[in-house]
Amino acid sequence: MSQSQSPPSVLWFQLIGLSLIQGAITLTWLLYRLYLPQLLADFGFAGLSATILIIENALGIILEPVAGNFSDRQRYWMGTRFPFISLGVILASGLFIAIPTFFIFGQSFKNLYWIFPVLLILWSVAMALFRSPATALLAQYAIDTKLPQAMSLLIFVGGIVGAIRPISSEFILSLGAGITFTLGSIVLLSSVGILRAFNPDLTVFSPVDNSQKKLYLKHLILIGILGFFMALATRLLLGEFAPKVIQSLGVNVKWMMFTGLLLLAFASIPAGLIAVKIGNHKATLIGLIATAVLLVPLTFISHPILFLLILLLIVSYSFVANGIIPIAFSLVPSQKAGLGIGIYFGAFSLAMAGYDLIVKQPGKVNLFVSSALGIMFFLTLAIVIRLIPKLTFSNQTV
């Protein structure tokens, strides 16, 4: 007698393809931000890089939810999100090559210099067009209870790529914009090609059908709050607080940041498994509270024990990084995953734009200020997540 096999709870091949896209997104943004000040300065736009980044984040506030919602509609009409993702990737890859091309050949046309910053902004628009639709695929590739484990793979690949920045900036800049941007474009195109080969339209069978779940305005507001405070908490922790704490230890900041980011990437895998075991809400709450608590001794203690505290911080934050987006997905019906994650990324962009507008020089925020604000933001997230079961899934719309 043949035994029927239960359907998989995670589509691993599709998830691997999606994680490669996440890694390619991280890589292209890493390369872009490394070269942005240099390219603008050579065109006579020195000091404009901060303004460009603010404009790009401001555009993301609108573009992310619009693109996500359009991909939801496309999936409803055509049964797939992939054509929209492919279009965004092709546009982004083409514009990514166009940036160094215009930089090399456009300098002889001084009356056309204004095109260059416009080209940079158009590239960021193309990137925003496919990020939410691509991330929405995560909800197709894992059942709700397995989403933290699936998310951990995206964080692992993206984290591995992002970890190289502290130690590779000089090497990357030495390659030149032409070679670097071409390689980045090839990696981006290759990643979407790999996902295409794995049949990206497959959907995991879920024993719980949440397609009948209604879409409530209050749920979208909660997702926006999660994205907004997650952006601020992460920016303060990784961009302001951690480098200053490491510097106080008297060690090489670049290599220590590389090691810390690498450990954070690897910590995401066991964190995802634990979150599946004990429940994602509980794991995320533990991570948020532990991260906020650990910021206190890390602020005031100057002792070798800081190395142990940093390791504990990496572990606690990995639960947060794994858990927030699955919680956002849980607040919307499956057929509106693109809109939900688009709202999350839009709010994330809003926080980043506001941060860049207020903090003129990143990395210059006082240690005590960054610690206090970080504690406040992580605890705010904990309160919101703790209240979500009471605020959602009622029969009354807001």
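**Helix packing, rings and burial**

Colleague: Is the crossing in which H1 passes H6 left-handed or right-handed?

Modeller: A crossing counts as left-handed if the near helix is turned anticlockwise from the far one by less than a right angle, and right-handed if clockwise. Helices (H or I, at least four residues) and strands (E, at least two) are DSSP runs, numbered from the N terminus. By that rule, the crossing of H1 past H6 is right-handed.

Colleague: Before we go on, what kind of model is this, and from which number do the residues run?

Modeller: It's a predicted model, where local features need pLDDT of at least 70 and side-chain atom pairs count only at pLDDT 80 or more, while totals for chains, interfaces and linings use all residues. Side-chain values use heavy atoms, with hydrogens and water left out, and residues along each chain, as its sequence is written, are numbered from 1.

Colleague: Back to that helix pair: how far apart are the axes of H1 and H6?

Modeller: Two packed helices are described by the angle between their axes and the distance between the axes. Axes are lines fitted to C-alpha atoms, for helices over the stretch in contact, with angles from 0 to 180 degrees between N-to-C directions. H1 (residues 12–42) and H6 (residues 147–163) pack at about 35 degrees, and their axes are apart by 8 Å.

Colleague: On to the rings: is the aromatic pair of Tyr32 and Trp123 stacked or tilted?

Modeller: Rings of Phe, Tyr and Trp (its six-membered ring) pair if their centres lie within 6.5 Å; planes under 30 degrees apart are stacked, over 60 edge-to-face and the rest tilted. The structure holds 22 such pairs. Tyr32 and Trp123 are 4.6 Å centre to centre with 35 degrees between the planes, which makes the pair tilted.

Colleague: How many residues apart in sequence are the parts that this pair ties together?

Modeller: Both Tyr32 and Trp123 are buried (under 20% relative accessible area; exposed is over 50%, partly exposed in between, with a 1.4 Å probe and protein chains only). Tyr32 lies in H1 and Trp123 in H4 (residues 115–136), so the separation in sequence is 91 residues.

Colleague: What about Phe43 and Phe116: how far apart are they, centre to centre?

Modeller: Phe43 is in the loop between H1 and H2 (49–78), and Phe116 is in H4. Phe43 is buried at 2% relative accessible area, and Phe116 is buried at 0%. The rings are stacked with 15 degrees between the planes, and the centre-to-centre distance is 4.5 Å.

Colleague: Which ring has the charged end of Arg131 over it?

Modeller: The test is NZ of Lys or CZ of Arg within 6 Å of the ring centre and within 35 degrees of the ring normal. Lys218 lies over the face of Tyr216, at 5.9 Å from the ring centre. The charged end of Arg131 is 3.9 Å from the centre of the ring of Phe345.
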